[in-house]
There are 2 protein chains.
Amino acid sequence: MSAVKDSKPDLEVVERLDRSGFRATPQRTHVYKTLRAKRDHPTAEEVFIRAKKDMPEISMATVYNCLDALVQSNLVRLVNHDKGATRYCSNMMKHHHFYCVECGGAFDIDAPSSVHEPLIKLPTGFKADRYEIAFRGLCPDCAAKKKR
Amino acid sequence: MSAVKDSKPDLEVVERLDRSGFRATPQRTHVYKTLRAKRDHPTAEEVFIRAKKDMPEISMATVYNCLDALVQSNLVRLVNHDKGATRYCSNMMKHHHFYCVECGGAFDIDAPSSVHEPLIKLPTGFKADRYEIAFRGLCPDCAAKKKR
DNA sequence: CTAGGTGCAAAAGGTTTGCGGTTAA
DNA sequence: TTAACCGCAAACCTTTTGCACCTAG
């Protein structure tokens with residue numbers, strides 16, 4: 001009922017791509033799966049390297065194309081660190097990010113489902129449909145090292 | 001109220017640069033003043049163009065160098081839009097940003113001085129010394145256009 | 001059949017670096 | 001004097017684009 005490389009591509013994904021006007025190609029679903037396989041924030045190149053393991057013929061351009069389609073389909077988010085290449089995140093749950101100023105790492109911070117209140121009142125006219133908090137400071141590891 | 005080129009370079013700036021181990025060179029103070037002159041979020045190239053008006057011999061590399069020194073001295077912040085070049089912001093008051101998904105513009109959102117509370121509890125070990133909220137949605141102009 | 005997608009290679013940004021010359025402590 | 005800094009140009013890295021071929025609808 002399923003092949004080695006073509007395991008069922010998750011209806012949700014197919015549907016979302018379709019709703020945004022994209023075909024659910026093997027490359028796109030594979031890039032998505034690659035991203036889901038690990039809970040970190042890889043760069044496009046990192047994704048490319050990982051995706052090639054199971055799909056050696058995929059190209060960098062296609063990875064960019066796929067990531068773009070996935071972002072537009074709301075299956076993946078962009079995450080910008082302060083420097084360097086754009087990173088991608090397949091965790092679409094409401095969450096925030098913590099950036100360690102020491103080691104440069106980025107960590108997901110879950111948003112409490114209860115309190116996502118209009119913490120800040122926006123000036124009249126602005127219509128926000130989402131927000132994300134970027135914390136900066138020391139991650140547990142670096143904080144521990146620093147203390148000594 | 002502005003001078004030709006060498007108006008006194010603001011003690012605060014000199015001191016901050018110095019405290020971070022940078023000399024307060026004419027280029028650095030000029031780039032800083034350039035950034036302060038307008039309340040937007042220019043790219044490095046934009047800064048370069050503006051800075052050249054009053055300092056024609058300044059180079060792109062120097063602008064990058066200066067911006068870097070200013071960021072490290074806490075006189076300027078990096079602002080990343082979703083796409084494109086890094087942008088810079090000389091508004092160091094506690095504030096957040098609103099990104100318009102329609103026109104791509106970025107707007108400063110003042111943080112109420114009263115409530116800058118730890119609205120989200122971080123997992124144990126994380127030591128945040130600051131945070132910034134990125135709102136996304138429609139700016140007043142685009143919201144108005146959309147309504148029609 | 002044909003619009004959309006892929007892979008490749010080349011191009012286009014954006015940022016950094018190496019280096020000779022200059023300047024401030 | 002000398003370490004820091006400047007301007008220039010080349011290098012580098014990330015992302016986009018043009019194009020020939022391919023494939024699903």
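At what distance does a sugar or linking oxygen of DNA strand C lie from an N or O atom in the side chain of A:Gln27? In this predicted model, local features need pLDDT of at least 70 and side-chain atom pairs count only at pLDDT 80 or more, while totals for chains, interfaces and linings use all residues. Side-chain values use heavy atoms, without hydrogens and water; residues are numbered from 1 along each chain as its sequence is written, and chains are lettered from A in the order in which they are written.

The distance for A:Gln27 is 3.0 Å, a polar contact (a pair of N or O atoms within 3.5 Å). Phosphate oxygens of DNA strand C lie 3.0 Å from a polar side-chain atom of A:Arg28 and 2.4 Å from one of B:Tyr64.

Helix H4(B) has 13 residues and reaches 18 Å from its first C-alpha to its last. Its buried residues (under 20% relative accessible area, 1.4 Å probe, protein chains only) include B:Val63, B:Cys66 and B:Leu67. Seen down the axis of H4(B), the buried residues fall within an arc of 160°, so they line one face of the helix; the arc is taken from the directions from the helix axis to the C-beta atoms.

Technical notes: A polar contact is a pair of N or O atoms within 3.5 Å; within protein, one must be able to donate a hydrogen and the other to accept it, and residues adjacent in sequence count only if both atoms are side-chain atoms. Helices (H or I, at least four residues) and strands (E, at least two) are DSSP runs, numbered from the N terminus. The expected span of a helix is 1.5 Å times one less than its number of residues. Buried means under 20% relative accessible area, exposed over 50%, partly exposed in between (1.4 Å probe, protein chains only).
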